[in-house]
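Me: I am new to reading structures. Please take me through this one in short questions and answers.

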Amino acid sequence: MLKNRIVKHSLYYGSIAALICIIVALIQFYGIHKSPFGRYKLPAFGINVLFILIAIWTYRATNRGILTFTEGFSVGFLTNLFAAFITATFYYIFLKFAGDEAILLWVKENVEAIMKIKDSHIKNFGLEDFSSLLKQAKQVPTAGYVFLDELGKKQLCIIAASIISLIFRRHTYTVS
């Protein structure tokens, strides 16, 4: 029963976080013409951390103020996992049906960012390393790569789930 409650709670808040991440990504792409897959992914991390915080806090509030680290970490981890999976799935479907414009914009932004640091990179690492970096940045990733990138990088939010769980934990000191 406890596992069901944790999963339902996490799915609810993870879905809301994913929906907000998707809306922000669409505003970034269509509104300000920035790719939501590269350097401009930072708002999505903030949204996930915020909803991890809200999910753990509300779970503790509905659990009579009692929260163990394991429960808090489970709620935070699953909230982040659901949010990342739903967002990554949307990105995959979006790129499959909407075309490669968003990925090409991401590649263009990467190349522009690398060209800005060209002189210092060549000075520190050499021309051969810079050429290799530029060649790598010009490769156009697939929708599957974007899916795995989104899913993988969002797992950094697990650190926030651990910290938030430690802060919010409350124990009952009764023998069960």
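Me: K153 and D149 both sit in helix α7. About how many helical turns separate them?

Reply: This is a predicted model, where local features need pLDDT of at least 70, side-chain atom pairs count only at pLDDT 80 or more, and totals for chains, interfaces and linings use all residues. Residues are numbered from 1 along each chain as its sequence is written, and side-chain values use heavy atoms, with hydrogens and water left out. Helices are DSSP runs of H or I with at least four residues, numbered from the N terminus. K153 and D149 are four residues apart in α7, so their separation is about one helical turn.

Me: At what N to O distance do the side chains of K153 and D149 meet?

Reply: They form a salt bridge, meaning a side-chain nitrogen of Lys or Arg within 4 Å of a carboxyl oxygen of Asp or Glu. An α-helix has 3.6 residues a turn, so residues three or four places apart point the same way. For K153 and D149, the N to O distance is 3.1 Å.

Me: Is D149 buried or exposed?

Reply: Buried means under 20% relative accessible area, exposed over 50%, and partly exposed in between (1.4 Å probe, protein chains only). D149 has 8% relative accessibility, so D149 counts as buried.

Me: How many residues apart in sequence are E150 and K41?

Reply: Their side chains meet in a salt bridge at 3.4 Å, N to O. E150 lies in α7, while K41 lies in the loop between α1 (2-31) and α2 (42-62). E150 is buried at 1%, and K41 is buried at 5%. The pair therefore ties together parts whose sequence separation is 109 residues.

Me: Within what arc do the buried residues of α7 fall?

Reply: The buried residues in α7 are A143, V146, F147, D149 and E150. What covers them includes α3 (69-98) and α4, through contacts (heavy atoms within 4.5 Å). Directions are taken from the helix axis to the C-beta atoms. The buried residues line one face of α7, because they fall within an arc of 165 degrees.

Me: Which element gives the most to the lining of the largest pocket?

Reply: The pocket holds about 210 Å³ of space, and its lining residues include W106, Q136 and K153. Elements giving two or more residues are α4 (101-116), α6 (127-137) and α7 (143-153). With three residues, the top giver is α4.

Me: How many nonpolar residues are in that lining?

Reply: Ala, Val, Leu, Ile, Met, Phe, Trp, Tyr, Cys and Pro count as nonpolar, Asp, Glu, Lys and Arg as charged, and the others, Gly among them, as polar. The lining has four polar and one charged residues. Its nonpolar count is seven.

Me: How far apart in space are W57 and F168, C-alpha to C-alpha?

Reply: W57 is in helix α2 and is partly exposed at 47%. W57 and F168 are 111 residues apart in sequence. In space, C-alpha to C-alpha, they are apart by 7.1 Å.

Key
On a 1 Å grid over the protein atoms alone, a cavity is a set of points where a 1.4 Å probe fits but cannot get out, and a pocket is an open set with protein on both sides within 12 Å along at least five of seven lines; lining residues have an atom within 4 Å of a point. Grid points are joined across faces, edges and corners, and a volume is the space filled by probe spheres set on the points.
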